[in-house]
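Welcome! Have the picture open as you read.

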Amino acid sequence: MQNEKKYFASANTEKGFVSYFDEIYGNLNMVYIIKGGPGTGKSHFMRNIADEAEEKGYSVEYFYCSSDPLSLDGVIIEELGVAVIDGTAPHTYDPRVPGVREKIINLGENWDCKKLEENKDEICRIVQEKNLVYNNIYNYLSASGRVEAEIKMFNRKAIKFEKMQAAVNRLAKGWKTGNGFVKKLRVIDGISHAGHIVYDTYHNLSDNKYVIHDRYGVGTVFIDMIMKCAECKGLKAVYSPGCIDVSSVVGVYLPEVSSSFVICDDDGVDKKQINMDRFVDVDIIRKNKQKNRFARRCLSSLYEGVQKGFDEVYELHSELESYYIKAMDFSKNVSLLKSVKREIFI
């Protein structure tokens, strides 16, 4: 659906794979954890439950795979405080209070081990190749993080902090006072085989949509100032870390004032544009012109390597899925799905 609440529950970053499962699912009433290999129907299982929840009038949050945004990692039925998630590697998730707050759904019980054994060598080869490709991807992402850090470092000297803060203060002037500052993590920024993705969820939820155009890596400073103003006003802030540098914040949604601020290249007519060029010293930027150009070329090459790596992973994963699909008895998945639905929607 066009306006579904889309997020990521993990990220491919300069530090490797990062899972946000604890932050996102850790305080819910019930979490159903699906175990099983690739192609065993985990995404279909979650999508089916989400569809029924929406048919019954519930609000649903969708969390997509950081490597394949066509594949679900989890769904949350907001009013019920219930989640159904993919708890297999790399984002392995195990029960904290087994049987009470979490239940395991094992789709692995529905495959034919003999059929998988017949293709053991090929399955092992594919898994090994995927691991090697992921290692290369994370090497490229690590280098990308260092280059981005360099860009931020030499452009930070050009930031006109007082002018930037004054602009933020003007935006925040009309905000009402909330009931206390609370931060909530919802990731909209990710890099995958489909490229760099910034979900439009924050903007879809807001009346006041702000797009931050950022050529020099200074936009996160602007976002930090927005977050600080939200804290001073006692407003709830939903925030998204960056997909390379997870210590930076690249988007924030303030539901109590229906406003969102996201660093991206969206030029939609319903969105207000904030150009970070306004807040940098042109002379200092000019002095760093060669450094910026060289760094951008490096980033472009590194991102190309990341993209090719994810393309390889996608092909290998599809090949791996084919073996598991042939070994599955999906009719047993249907029976299990009906049982879980009865529990959730009683």
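This is a predicted model: local features need pLDDT of at least 70, side-chain atom pairs count only at pLDDT 80 or more; totals for chains, interfaces and linings use all residues.

**Two spots in the backbone**

- Pro90 is joined to Ala89 by a cis peptide bond, with omega at about 10°.
- Ser258 sits in the loop between strand E14 (249-254) and strand E15 (259-263).
- The phi angle of Ser258 is near 45°, which is a positive value in a residue other than glycine.
- Is Ser258 buried or exposed? Ser258 has a relative accessible area of 13%, so it is buried, because buried means under 20%.

**How helices pack**

- Look for helix H4 (residues 120-156) and helix H9 (residues 289-327): their axes come within 9 Å and cross at roughly 160°.
- Since angles over 145 degrees count as roughly antiparallel, H4 and H9 are therefore roughly antiparallel to each other.
- Where H4 passes H9, the crossing is left-handed.
- A second pair is helix H2 (residues 42-55) and H10, which pack at an angle of about 40° with their axes 11 Å apart.
- H2 and H10 are therefore described as oblique to each other.
- The crossing of H2 and H10 is right-handed.
- Which residues make the contact between H2 and H10? H2 contributes Phe45, Asn48, Ile49 and Glu52, while H10 contributes Asn333, Leu336, Leu337, Val340, Lys341 and Ile344.

**Charged side chains that pair up**

- Side chains of opposite charge can pair when their charged atoms come close.
- How many salt bridges does a search of the whole structure find? The search finds 20.
- Arg186 and Glu61 are both buried.
- Arg101 also forms a salt bridge, with Glu102, and here the closest N and O atoms are 2.6 Å apart.
- Arg101 counts as buried because its relative accessibility is 14%, and Glu102 is buried with a relative accessible area of 1%.
- Glu343 and Lys103 meet through their side chains in a salt bridge of 3.0 Å, N to O.
- This pair, too, links distant parts of the chain, with Glu343 in helix H10 (residues 330-344) and Lys103 in strand E8, 240 residues apart.
- Glu343 is partly exposed, with a relative accessible area of 35%, and Lys103 counts as partly exposed at 29% relative accessibility.
- Salt bridges that share partners also join Glu122, Arg125, Glu129 and Glu319 into one network.

**A charged residue without a partner**

- Asp73 lies in strand E6 (residues 72-77).
- Although Asp73 is buried, it has no salt bridge.
- Which side chain of opposite charge is nearest to Asp73? It is Lys42, which is 8.1 Å away, whereas a salt bridge needs the nitrogen and oxygen to be within 4 Å.
- Leaving aside neighbours within four places in sequence, Asp73 has contacts including Ser10, Phe21, Tyr25, Met46, Asp86 and His91.

**A buried residue and an exposed one**

- Val168 has its place in helix H5 (residues 161-172).
- With 0% relative accessibility, Val168 counts as buried.
- Leaving aside neighbours within four places in sequence, Val168 is in contact with Phe222, Met225, Ile226 and Cys229.
- Val168 and Lys228 are 60 residues apart in sequence, and their C-alpha atoms are 9.9 Å apart in space.
- Arg146, found in helix H4, counts as exposed at 52% relative accessibility.
- Along the chain, Arg146 and Gly305 are 159 residues apart, and 15 Å separates their C-alpha atoms.

Notes: Residues are numbered from 1 along each chain as its sequence is written. Side-chain values use heavy atoms; hydrogens and water are left out. Helices (H or I, at least four residues) and strands (E, at least two) are DSSP runs, numbered from the N terminus. Buried means under 20% relative accessible area, exposed over 50%, partly exposed in between (1.4 Å probe, protein chains only). Contact means heavy atoms within 4.5 Å. Lys and Arg count as positive and Asp and Glu as negative; His and the chain ends are not counted. Axes are lines fitted to C-alpha atoms, for helices over the stretch in contact, and angles run from 0 to 180 degrees between N-to-C directions. Angles under 35 degrees count as roughly parallel, over 145 as roughly antiparallel, 65 to 115 as roughly perpendicular and the rest as oblique. A crossing is left-handed if the near helix is turned anticlockwise from the far one by less than a right angle, and right-handed if clockwise.
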